[in-house]
Amino acid sequence: MFHRSLCRTVLSCARSLFVGAVVVTLPLCGLLINASSSAALEPTVSFANDVMPVLTKAGCNTGTCHAKAGGGQNGFELSLLGFEPLEDYEHLTREGKSRRLFPASPDRSLLLLKATGRVTHGGGVRLLIDSPEYATIRDWIQQGTPLAVDDEPSLQSVTVEPPDAKFAPNEVQSLRAFAHYDDGSTRDVTSLSLFESNDVGMATVDELGQVQADKVPGRFSVMVRYQGRAAVFAGSVPMDAVIEELPPVNNFVDQHVFENLRELGIPTSAIVDDATFLRRVTLDIAGRLPTQDETAAYLKSESETKRNELIDRLLGGAGYADYFANKWTTLLKNRRDAKSDLMSNFAFHAWIRDSLLENKPYDELVRELLAATGTVIANPATAWYKRVKDPKEQLEDVAQLFLGVRMQCAQCHHHPFERWSQDDYYGLAAFFSQVGRKPTSMPGENLVYHKRGVAGSINPRSRETIRPAALGDSVGQIGPDEDPRLRFANWMASPENPFFAKAVVNRYWKHFFKRGLIEPEDDIRDTNPPTNPALLSALEEHFVASGYDLKELVRTITRSTAYQLSSEPNRFNIADRQNYSRFYPRRVQAEVLLDSIDHLTGAETAFANLPAGTRAVALPDNSYNKSSPFLKVFGRPESTSVCECERVQSASLSQSLHLINASDIKSKLQVASGRVAKLAKAELPMEERIGELYAVAFSRPPSDAELTTAQAYLNESRQEKNGKPMSSVKAVQQNMQDLIWALINTKEFLFNH
Amino acid sequence: MMAVLEDRMSKIALLLTCGAAFFANGASAQSVCLPLPRLLTVTPMGAQTGRVTEVVITGESIEEAAELVFSHPGISAKPKVADDGKVMANTFVVDVAGDCDIGVYEARVMTRLGLSSPRAFSVGDLKEVNQTKASATLETVVPVDVNSICNAAVGPRQVNHYSFSATKGQRVVIDCAANGIDSRLNPVIILADSNGSDLRAERRGGVIDYTFDADGKYVVKVHDLTFSGGPHFFYRLSIREVLADTPDDQPVERLASTRSVQSHSWPPAGLPAKAALAEIEPNDTADQVQKIELPCDIAGRFYPAADVDRFQFSAKQGEVWWIEVASERLGRPTDPTAVVQRVSVKNGVETTDDVIELTDIPSPVKLSTYAYTYNGPPYNSGSTDILGKLEIPQDGVYRLQLNDLLGGTRTDPRCDYRMVIRKASPDFSIVMWGLHMQLRNGDRNALSKPLALRGGDTRAMEVVAIRRDGFKGPIQLALENLPDGVTAEGLTLGTGQSQGTLLVTAAEGAPRGYQMAKFVGRATIDGQLVQRVGHAASMAWPVRNARDEVTQPRLLVQIPVSVGGEEVAPITIAAKEEKVWEAKVGEKIKVPLIHLRRGEFSGANIGMKTFGAGFERNPKFDLPIAKDHSETILDLAALKTKPGDYTVAFYGGAVAKHVDGGGANAKPKDIAEIIVSQPISIRVLPAETP
């Protein structure tokens, strides 16, 4: 942030020194100002408006160079991206006995010698001698390194031209950046601006603002940054296919999705069949496979509304609460570090789970968490304060998880991509400044309470006490008797809050569609726009109007035709990755996969301290990852961060090897009370036995070809190790183990599609 | 192996010689504290009024218990006699009188070692069922009726299932008594549909209050919060119908509970059962203050969430008021806090200045930090309630705002309070518990031992007082109504002191027997002799490892003192002569001690400390336990003891070689025990004037 008033004060003090024949250094207004004979020239180069942009564009003040935390690089420190020009001015002109600048012979200034590589520079050549940027700095030095020039305008905003554009595949278009000042002037700052694409798979942009589109249809944005201000260019790459017909619209979600597809000319895939929908929505809502009975009943039903009925049934079941509690407790760091965490982790998980079961409004759930008081037994929400003790971590987690705002950067400096300052950061921290703790009768557990007092948090840079403020919004004066966290929760739950509802609907959208409308789902900012703003806005409005009803949110999403599209691409939408013209398959997550294998094999995985039959999605904390290599290999998170990215959803060789070779898979196939043992002994036609396996694994009957292949395999004879023929029952049993093993290893089983 | 043992024993001896605490690492349950009878389960855990119920008991050192005793005269028990005429071990027939009040009482058994520690026994008015078969799955669900109580225990990693029928519109309250009846269970109750799919869950010790929207069968599941289980994880599950139109803000009736230790200081003596005033809502803001006059006695509640109650009154400079609020001590999960502000209006603008902020009633003693090493009692006789002084700085209007520090997000109509603002009414309340020895291990066994004495035994009880409204005077402690052969010596809580000791001694030949004793404190307040009946506290369970187990302290309903009559104390330490040992101020008193040893001990010395007002500073000294006598010196000059009568006693830890049951062939077992001398009377005379 440019401190304009201070700058002007310094400027007025400094001007009087732009005379004289010798270099003098005087303390003035808290700064030391250099002056030389050459400074007699009327200054025209502004440090803030001219020099800093050059340094920023050259990359001098990035986090890996001279803006590196802890003192910059080799003793020369600049503020990140030039957010603190006064400090930068001091570092440049004063530090090292002013050795970096040589007004008497500007070209011999260390700054320029290093930047041009004429003196060894770890950062390499950043400026060319004959470049305009070099000239700007040289002129500034020659003019006596003024901090500001007469009537220097102040930067107000940055715009990009054009603000949006359509691209043909592989087309290149140029962007121009303009800086607008408070005196009404505008300057083309394209060459000094930083450009960044939000999706390099769709479009790239070079340092001069040349945008190169790829062939992938959809929307992308380019962030244009100049001196702490940013603008966003919205680009689109239409497919421009002829769309003769779109699927029927079930609700407003479809209106917005299909409207976007129509604009981009991307046809949808067909609507998915009942069996696939049953499996898909059961996995997505309840985190499990449909049972054989559920599959049979659903496929048999002729109700016209059976999809909606299924969704409601799933939302009414405990499976929904288990599955989404698993999601939330992981993000809320319900982590077991010590044996004594057992009680609080179980209680916290159960609290989330029970809240979801009774469909507690989301704003109320968050309020209970944020403003939790008491003991873990009396109020399990306080367990979060046991896990996340530091107020800074509390604000960062809350902002990222519930507001989709990443505030971490603003702890030390102005956020590089956003408007958040350190005052915004410590304003949020102030909400948590009155959290008191008392010891309890349980080792390691505290009683959390509101400690009376005026809330505030000290900004370490300014040393000012910052009162609670919610991302720039005033929440009013908070008296010493009021728990500021409640005021924060009120602010969050306000219908006008621009972050709260948006963050959760985007998170849930991603749960069902694999990709958030904003990606990453917890990085909501002006410079990271949604791919379908109208849809996100409509979802947000609907969620608020519903009373922050999470089940209604899930219902709305899953009832949409968009959710019910097939994952089978057509020749047009095969490249679509962000417009939801088809369902994007995703690997089933670790816990669900383990439960699914147990379900298919009829085995049970035993978990410490939990009753037999407990599903992996109902595990309360991360401690079970240690005892289950399966969960670890398939990426169950350790609950160390609030980022969904901690969960590994990608495939790996170790996962394949585990499914093929691991002893736990083998033992599940062979379990005495399992499905193989039961089916091998069952006096059923082979077709029915195979049908059961397919119904359980895929929620569908086998195709004729699959049936023939499976029958042939199951009827194959086998030999004992000693070469004698194996009994037919035993052979069928072993063949059936192989068949289930094969089913487990199919993509159809491993993916939700 | 022997070498290891010898090495260990020599270490123990060394520690004892050094007067340090000793260890019992990896020790078994009774390796700390000599065996004492502990009643651990009574099944079923309660009975219906006017009914006869068969109960089965389990416990430690309760073999051949022939008498089951209850804390209410309306409950009696006889040993169960089988059809063959033989008495069935550990089985009793309990008769609850029809006029017995509903509540939680205590059961104890008389054993060869005396009267056992208590176990809660509930009396209710609903039909009682005792679960006899497992119900760990939906297939083995146990049917129960609405308006009944099921007594059961849950196994480790198990969930118990019950089914009942309900009709559309019917409102049912499901309650589960566990911690409040001495169980180790942290109950989770879940209401599910007939398929076992959960509808509602309660895990915070509350109830499920549910109105059904369809006729049908429903299921209740019960388990421990962390799925622990076993016979000690028992509970009483109540499914009770309530009127459907009962307002939501009216608290539902709960199953009765034992009392917390904190509650010993409530109510103040003479407080009427019902408050004179009631809080009038809305009184949440400065514009809505409720005007009151002092003194006052107000009943209110912290409801709904984030409720703040504001009261306004006028007071004059120099007035002193005492503000006492009870809520936690009423058994509510609250932490009241009060702020008094002076209200000024200048030019039509109101300003407030803080006068005082009142929060907790601090524990008079440093509480345990739950470290491995015992470092203080885990009994908090303070409270999160309020008791404090308000001094009025100048004439004017004052505003008191009261809120619950834990109530920001909780809407619970149960969270009521009572606030009394009064002129100083100096008083005190007292509570005691068994003194624990300074051990470097996690065993807290001694905290749950009953006052069952061996002949020749002296037991020390730690006494704590909550002093009310600035009372600082000395408090004389006494234990009355003792069985034959038992005496008690209360060491006085000196001026301003809040911690002391009570010594209970059984004569060597004390006969077998028991009495419900009365614990009293006496003090002179405003020239009047005041007597207050105190309470005793105990842990519900012997804690083997304080790091892993949550202690469960509670108040006892009664204070039984008993003598088993079968075993004798391993040693009696007493003054050689039973007399008052006199000395003048500044002199030294030599007290010859006799050691009446009846068993063997490890080590040569016991490091002894001293009880007695002002004598705690007496340096620790070694008592040669292998010898029959010794001598100790009390340096009155060093202790700066003033003239007066005192009672002192010496105590320290030793490892006794105990033979359980006294059988000739039984193998001795090393048991760490606290050894307390019999009380010794001291009289300090004024120095002679020249």
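Analyst: Let's begin with the domains. Chain A is divided into domain 1 (4-142), domain 2 (155-237), domain 3 (361-492) and domain 4 (672-752), with bounds that come from an automatic or database domain assignment. The contact between domain 1 and domain 2 of chain A takes 9 residues from domain 1 and 7 residues from domain 2; two residues are in contact if their C-beta atoms, placed from the backbone, lie within 7 Å. On the side of domain 1 of chain A that touches domain 2 of chain A there are 5 nonpolar, 3 polar and 1 charged residues. Here Ala, Val, Leu, Ile, Met, Phe, Trp, Tyr, Cys and Pro count as nonpolar, Asp, Glu, Lys and Arg as charged, and the others, Gly among them, as polar.

A word on the model itself. It is a predicted model, where local features need pLDDT of at least 70, side-chain atom pairs count only at pLDDT 80 or more, and totals for chains, interfaces and linings use all residues. Residues are numbered from 1 along each chain as its sequence is written, while chains are lettered from A and ligands numbered from 1 in the order in which they are written.

Now for the helices. Helix α8 (residues 274-286) of chain A packs against helix α10 (residues 306-316) of chain A at an angle of about 25 degrees, with their axes 10 Å apart. Helices (H or I, at least four residues) and strands (E, at least two) are DSSP runs, numbered from the N terminus. Axes are lines fitted to C-alpha atoms, for helices over the stretch in contact, and angles run from 0 to 180 degrees between N-to-C directions.

Finally, the partner. In chain A, 32 residues are in contact with 31 residues of chain B. On the chain A side, the elements giving two or more residues are α12 (342-357), α13 (362-370) and β14 (446-450). Of these, α12(A) gives the most, with 7 residues. The side of chain A that touches chain B divides into 18 nonpolar, 7 polar and 7 charged residues.
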